[in-house]
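Dear colleague,

Please find the structure below, handed over for your use.

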Amino acid sequence: METILNEDERIDDLELKGLKIIQNKKGFCFGIDSILLSNYAKEIKKESKIVDLGTGTGILPILLSAKTKGTKIVGIEIQKEVAQMANRSILLNNLQDRIEIVCKDIKEIKSIYEPNSFDAIVTNPPYKKQGTGAINRLETKIIARHEIAASLEDFVRIAKYLLKDQGDIYIVHRPERLVDLLSYLRKYKLEPKTLRFVQANQEKEPNLVLIKATKNAKPFLKIQKPLIIYKENGSYTKEILEIYHEKGV
C-alpha cells in the first residue's frame with residue numbers, strides 16, 4: 001500500500017527491524033528523550049498491555065513494538081492531525097495488529113477504558129508549566145512542550161486509574177520538575193522505584209530524568225548511576241552507542 005505524504009512530511013528510517021516513522025518537518029519531531037525512555041522501558045514483561053499517554057508521532061509504541069513482547073500497545077493523542085499521522089506510521093509498518101492510536105483527551109479517558117486496564121504505561125509529558133518558557137506559535141509544538149491540554153498531575157492521575165495493581169509506569173521529564181513529579185506519583189499511589197539522571201557529559205548538570213514507578217508498591221527508591229551521552233572528545237559514550245545500535249534511529 002502506497003503511503004501518501006503531506007507537503008511538510010517525511011519518512012524517517014529508524015534503522016531498527018525495518019521500522020519507519022512519518023514526521024512533520026514543521027511539527028514536533030521526536031528526540032533522544034523518547035529513545036532513552038523506550039530503552040528504559042524495554043524490561044516491560046511479556047504479554048503486557050501497554051499505553052502511551054500523549055503519543056504524538058507514535059514513536060514510543062513503534063519502538064516498543066520491537067523492544068518488548070507486549071501484546072497490545074495503545075497510543076493516546078489529543079491532536080487529530082497528529083493522531084492521524086501516527087496511525088499512518090502504524091499502517092506503514094504493518095503494526096495495526098499490535099498498535100492502536102486513539103485520538104482522545106487523556107482527561108476523558110475514563111469514557112473508553114475501565115480502571116486497571118493496562119499492565120504498563122509509558123509517557124513523555126509536556127515539560128513546561130503553562131505560562132513558563134518560550135512559546136512556539138505552532139499548536140502541535142505548544143501542546144507537546146507546555147501543559148496546555150493537560151497538566152503533569154493529570155498525566156499521573158490518569159496513569160493511576162489505568163494501571164493494574166503492581167503495574168509500572170515509565171516517565172521521562174526534566175530535573176527541575178522532579179519534586180512535582182515525585183510528589184504527584186506518591187499522592188496517586190505510584191511509588192517511585194528507580195530514578196536515573198541523564199547528563200550531556202560528566203561536567204554538565206542533568207537535563208533529563210528517567211523514572212519507573214509501581215502502583216501500590218512498598219517505598220524503596222534506587223538511584224541509578226547517571227547516563228552520560230557524550231565523552232570528553234564529543235563522541236557518544238559506549239552506553240549511548242549500544243542504545244542507538246540496538247534501537248536504531
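**The largest cavity**

Thr 123, Pro 125, Leu 152, Phe 155, Val 156, Ile 169, Ile 171 and Leu 181 line the largest cavity. A cavity here is a set of points, on a 1 Å grid over the protein atoms alone, where a 1.4 Å probe fits but cannot get out, and lining residues have an atom within 4 Å of a point. Its volume is about 30 Å³, where a volume is the space filled by probe spheres set on the points, and points are joined across faces, edges and corners. The structure holds 1 cavity of 30 Å³ or more. Helix H5 (152–162) and S7 each supply at least two lining residues, and the largest share, 3 residues, comes from H5. Helices (H or I, at least four residues) and strands (E, at least two) are DSSP runs, numbered from the N terminus.

Please note that this is a predicted model, in which local features need pLDDT of at least 70 and side-chain atom pairs count only at pLDDT 80 or more, while totals for chains, interfaces and linings use all residues. Residues are numbered from 1 along each chain as its sequence is written, and side-chain values use heavy atoms, with hydrogens and water left out.

**Aromatic pairs**

There are 4 aromatic pairs in the structure. Rings of Phe, Tyr and Trp (its six-membered ring) pair if their centres lie within 6.5 Å; planes under 30 degrees apart count as stacked, over 60 as edge-to-face and the rest as tilted. Tyr 40 and Tyr 170 form an edge-to-face pair, because their ring centres are 6.3 Å apart and their planes stand at 85 degrees. This pair joins distant parts of the chain, with Tyr 40 in helix H1 (residues 32–40) and Tyr 170 in strand S7 (residues 163–173), 130 residues apart. Tyr 40 is buried, at a relative accessible area of 13%, and Tyr 170 is buried at 1%; buried means under 20% relative accessible area, exposed over 50% and partly exposed in between (1.4 Å probe, protein chains only).

Tyr 113 and Phe 118 are also edge-to-face, with centres 5.2 Å apart and planes at 70 degrees. Phe 118 is buried, with a relative accessible area of 0%. The charged end of Lys 49 sits over the ring of Phe 118, 4.9 Å from its centre (the criterion being NZ of Lys or CZ of Arg within 6 Å of the ring centre and within 35 degrees of the ring normal). Elsewhere, ring pairs link Tyr 230, Tyr 236 and Tyr 244 into a cluster.

**Nonpolar cores**

A nonpolar core is a set of buried Ala, Val, Leu, Ile, Met, Phe, Trp, Tyr and Cys residues joined through side-chain atoms within 4.5 Å. The largest such core has 38 residues, of which Leu 14 and Leu 36 touch the most other members. Helix H2 (59–67) is among the elements that give two or more residues to this core, and H2 gives the most, with 6 residues. Another core, of 30 residues, lies apart from it and includes Ala 150, Ala 159, Leu 181 and Leu 195. In H2, 9 of its 9 residues are buried.

**Met 85**

Met 85 lies in helix H3 (residues 80–92) and is buried, with a relative accessible area of 7%. Leaving aside neighbours within four places in sequence, Met 85 is in contact (heavy atoms within 4.5 Å) with Glu 9, Ile 22, Gln 23, Asn 24 and Thr 57.

Yours sincerely

Key
1 Å grid on protein atoms, 1.4 Å probe; cavity = no way out; pocket = protein on both sides within 12 Å on 5 of 7 lines; lining within 4 Å.
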